[in-house]
Amino acid sequence: MVWLPWIAAAAMAADGEALGWRDRSGANVQVRSFPGARIACLHLVVGAGAYPETPQRHGWRHLLEHLVALGPERDLDLKLEAVGAGLTADTYRDYAHFRVWGPASEGRTMVAALAELLRPPKIGEALLRRELSVMREEAALREGEPVALAQAWSNAFGLGGLDPFGDEESLARATPADLLGLWSGLFRGANLVLVACVPDRVREWASWIRESVVWPKGDAAPPLPRRTAGPGGRLGSVAFSGGLLAAAVPAMDTDATAQALAAALAVAAKAEGARVVYTPTRAPSLVSVLHERSPNALENARRLLESASQRDLQSAALRATEWLRRQLADPLTAGLWYGVASLHGSSSEPETLLERLSGLNAEGVKRGLRRFEPGEAWFIEGLRP
Amino acid sequence: MIAPWVLWVLGNGLRVLELPNPGESTVTVAAAVRLPELSPSGLAAARTLAEALRAGSSGFSRARWLVEGSLAGVMPSVEVARDALLVRLTAAPGRHLVAASYVADLLRNPDLGRENLQRAWETARRERRDLWESALDPRAADFERLGPSQAAAFGRWLLRPERVAVSICGPFAAGQGASALKVRLEDWSPQAPSRLPHGLEGQPVEQAPRRGDLRVWRWTLPWEDLSDGAMGRAWLVASALGSGKGSALFRAWRVEGGLTYRQELRIEGRAEGLAWSLTVARSGPWRAEDALGSLRGWVGRWTEADRRRALAMIDRRGPSPLNDGVLALTGVEPWRPLPWEEAELAAYWAMKTGRALDLGAWSAAARDTPLEELRRTALDALQRAQLAWDPGSSNSG
């Protein structure tokens, strides 16, 4: 095991410290300090490279995430909550994200919980059926924003944009053996990144992690399959009564992504009640602006911005910079950015994106806005009365 | 934990609260305006008024509010809760005088002109709520029997100092924030109270949300004792029953039963006091009585470990005011001591009780509640809670 101390990232507090190493299993581990933070947060990022979504196993990673998050003894939440800590888990197209967070004084409990997450799950038929029943209820409740986002992704990227939520038919096909096989394929050293965001005592946290966590061994997963966005278009959605504007962007550290993010925040600020959705990834993806209630608010806001002053556009760039700076300064969110960047060996993309945002001028924001124009962007119009 | 707030009652009845905090990076001014029990037309009037207030005041336009908010990275908000209208502006440090001016002017000089109210009525009427939002606040709003002039009259009746509490927090010296509010609001003395337009006050009408096979069950129970001791006990019970993934609701219905994905327990505002609410959605077959029975069984088996977990959750997660309920005590997102939430809650609590919020006292009362009392209070609440509606027969039997 090699320790590689490096200079704290620009976005971290000036006295921030970081340690990183690659475990023998191939897992990438980082411990980053966030001086003054009131909590610590362990981010485990599990790459999806070996198992991208396909119609045959649509949603299996999501189902596995539900089962893994319970813990091998199905008591992980209870153990964490007993000390005021907690766990969240999410499945995205390119990775899954497990987040263990809590008071920094409970570091050992949190690291122990992380170690449990990395143990092979116990998946029996009864447990699987029960969790599928929960997921059917989750699917029944789904409406609005996630449905519109899934529609935009599918239309932009075809099968490459398949929503990881899954569908009932493919989920019902999954057996315990399938899911254990999936676990073995995903939870292997070189496919795992841990970013521990802690207030202080970086070396102590690193020691706990080295002592307690047994990483499953395994080679690197293949890179994410290439997906390419088609031309934009306009669609209706009966599952939604708002509006969605989505622009295709390349990897997270590019000028185009920085421009689109600033433009999206400018649109969202003009259309009150709107919000921007972007999931960091090194693959092509979407920057989306959503208005939950009004189908036309976003398009109206975008048109208004065509005549916006230089100052207004520049302030959009400042807002975007500030947004990312906050993301990277918050232990609850920063680890996802660094973890995703590190999945394939780098960790500098978040800083590169921040640099690009902070160097953005009004012309750059205008270029970003062009990505949201009809013909370029995907527009989902909510048709639900 | 939220630090103690200092409360002043001005000569016109307005309550002002202040919490200076040199460590904060934003300033927040929040106002809570007491709402009566609203009929469907009254709810439409409140939502129309909120939309009208989002346009800003005659002195400070909506664009200026948005600029202030964007400099702090927090958008301003005007929301209708069950028993309060909540207004909040978060601004950059050093802007406490500006933020106080904006909120004070909005309360004193709202744009209740016909044009703004017509626009607000149309926007509010078009608002769509998703199924879960409707489940948590199932009150029906009737916009068709409400004209802009009634909404204006409602606004004039509602916005009076004796119905309002305003809080301010941020990095300023003690007394500076309160002084900024007092200077701008102590001479606020509107004309003699006008009459509340006929038909706006009244019993709310609740509608069961439903989509396809998906139905919603909702039980409620009034909670009238708002003393700090009682609130501490209520907080502990809510935490044990519904806060986090180790809560009785989550374990009994989701983890063990595999019955539900979403289930929520809240303590909500009411025109009089508060109320517990337990809400669950289910698309598959469901026997509500059996499900409640399994929940009661779970509560009956609570041990000291469950009580400790509930207390740990209280330390982790402070209550926060949401637009559909006052004390959202459930959920799985990490607690963050967001100063604007603290400010909103402090204003709400002063409006509600006339007292400054003292979460330290709540917390102490929660800690003093023994396991047996925790169990008894929870079982009693589950026994006496009333089903808000019949969600339909085909799946419930």
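Where chain B meets chain A, 45 residues of chain B and 38 residues of chain A take part in the contact (contact means heavy atoms within 4.5 Å). Before going on, note that this is a predicted model, where local features need pLDDT of at least 70, side-chain atom pairs count only at pLDDT 80 or more, and totals for chains, interfaces and linings use all residues. Residues are numbered from 1 along each chain as its sequence is written, chains are lettered from A and ligands numbered from 1 in the order in which they are written, and side-chain values use heavy atoms, with hydrogens and water left out.

**Two interfaces**

| Parts | Buried area and share on carbon and sulfur atoms |
|---|---|
| Chain B and chain A | about 3,500 Å², 49% |
| Domain 1 of chain A and domain 2 of chain A | about 3,100 Å², 69% |

**Between the chains**

How many salt bridges are there between chain B and chain A? The count is 4, where a salt bridge is a side-chain nitrogen of Lys or Arg within 4 Å of a carboxyl oxygen of Asp or Glu. In one salt bridge, the side chain of Glu256(B) meets that of Arg74(A) at 3.6 Å, N to O. On chain B's side, the elements giving two or more residues include helix H9 (248-256) and strand S10 (274-282) of chain B. Helices (H or I, at least four residues) and strands (E, at least two) are DSSP runs, numbered from the N terminus. The chain B residues touching chain A split into 17 nonpolar, 10 polar and 18 charged. In this sorting, Ala, Val, Leu, Ile, Met, Phe, Trp, Tyr, Cys and Pro are nonpolar, Asp, Glu, Lys and Arg are charged, and the others, Gly among them, are polar.

**Between the domains**

Domain 1 and domain 2 of chain A have 1 salt bridge between them. Arg275(A) and Glu145(A) meet through their side chains in a salt bridge, 2.5 Å from N to O.

Note on methods: Buried area is the accessible area (1.4 Å probe) that two parts lose on being put together, summed over both.
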